[in-house]
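Thank you all for making the time this morning. I would like to walk you through one model, going from the whole chain to a handful of individual residues.

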Amino acid sequence: QVQLVESGGGSVQAGGSLKLACIYSVDIDSTAYMAWFRQVPVKEREGVASISPDNGATYDADSVKGRFTISQDNAENTLYLQMDSLKPDDTGMYYCAAAPPSGPPPHMCDLRSDEYPFWGQGTQVTVSS
């Protein structure tokens with residue numbers, strides 16, 4: 001059974017840092033596309049960053065470019081999101097998502113939540129001004 005479990009969220013002041021982690025089950029191996037999304041109430045889920053299994057290429061949304069870094073440790077079955085220079089607008093529930101290679105590859109530079117069939121339960125990030 002595919003499982004993804006996020007951790008690392010919390011409350012931080014603007015300018016601070018957090019590192020999110022997502023431990024995924026062995027069903028999601030190194031050939032899966034992985035991504036981070038975030039969501040606030042009454043807004044659509046927003047793609048934050050993604051990583052390709054083909055060459056490790058990464059993509060960051062414009063809103064987080066230069067501040068957030070996605071990475072992956074396949075030996076530990078863990079996806080990370082390093083978040084620096086946090087802003088109040090970064091507040092939200094953060095989810096990791098996986099798209100196994102059995103399906104069509106998701107868009108790397110236009111993150112769409114409906115292209116990722118597997119999701120974690122989310123971890124809350126709150127940034128105060």
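I will begin with the conventions, then turn to the overall picture, and then to selected sites.

What you see is a predicted model, in which local features need pLDDT of at least 70 and side-chain atom pairs count only at pLDDT 80 or more, while totals for chains, interfaces and linings use all residues. Residues are numbered from 1 along each chain as its sequence is written, and side-chain values use heavy atoms, with hydrogens and water left out.

Let me start with the secondary structure. The chain has eleven strands and zero helices, where both kinds of element are DSSP runs numbered from the N terminus, helices being H or I with at least four residues and strands being E with at least two. Read from the N terminus, the order of elements is accordingly β-β-β-β-β-β-β-β-β-β-β.

Turning to overall dimensions, the radius of gyration is 14 Å, which agrees with the value near 14 Å that a compact globule of 129 residues would have; here the radius is taken over C-alpha atoms, and the globule rule is 2.2 Å times the number of residues to the power 0.38. The C-alpha trace spans about 45 × 25 × 25 Å along its principal axes.

As for burial, 43% of the 129 residues count as buried, with buried meaning under 20% relative accessible area, exposed meaning over 50%, and partly exposed lying in between, for a 1.4 Å probe and protein chains only. The chain exposes about 6600 Å², and carbon and sulfur atoms supply 48% of that area; the areas come from the Shrake-Rupley method with a 1.4 Å probe, and for residues only the protein chains shown count as cover.

If we count contacts with a separation of 6 or more, residues 24 or more positions apart account for 61% of them, a contact being heavy atoms within 4.5 Å.

On charge, there are 8 positive and 16 negative side chains, and the centres of the two sets lie 8 Å apart. Lys and Arg count as positive and Asp and Glu as negative, with His and the chain ends not counted, and the place of a charge is taken as NZ of Lys, CZ of Arg, CG of Asp or CD of Glu.

Beyond neighbours within four places in sequence, Ser-17 is in contact with Val-12, Gln-82, Met-83, Asp-84, Ser-85 and Leu-86. With Asp-84 there is a polar contact between the two side chains at 2.8 Å; a polar contact is a pair of N or O atoms within 3.5 Å, where within protein one must be able to donate a hydrogen and the other to accept it, and residues adjacent in sequence count only if both atoms are side-chain atoms.

Gly-10 lies in strand β2 and is partly exposed, with a relative accessible area of 24%. Not counting residues up to four places away in sequence, Gly-10 touches Leu-18, Gln-124, Val-125 and Thr-126.

Thr-78, in strand β8, is buried with a relative accessible area of 6%. A polar atom of the Thr-78 side chain lies 2.8 Å from the backbone oxygen of Glu-76, and the contacts of Thr-78 outside four places in sequence include Ala-21, Cys-22, Ile-23 and Tyr-24.

Which residues other than glycine have a positive phi? One is Asn-77, with phi near 50°, placed in the loop between β7 (68-73) and β8 (78-83). Another is Val-42, with a phi of about 65°, which lies in the loop between β4 (33-39) and β5 (46-51) and, at 89% relative accessibility, counts as exposed.

Finally, consider the loop between β9 (92-99) and β10 (118-119), where Glu-115 is found. The side chain of Glu-115 makes a polar contact with the side chain of His-107 at 2.6 Å, and, leaving aside neighbours within four places in sequence, Glu-115 is in contact with Ala-99, Pro-106 and His-107. Pro-104 also belongs to the loop between β9 and β10 and is exposed, at a relative accessible area of 67%; the C-alpha atoms of Pro-104 and Tyr-116, twelve residues apart along the chain, are separated by 9.9 Å.

That is where I will stop, and I am happy to go back to any of these sites.
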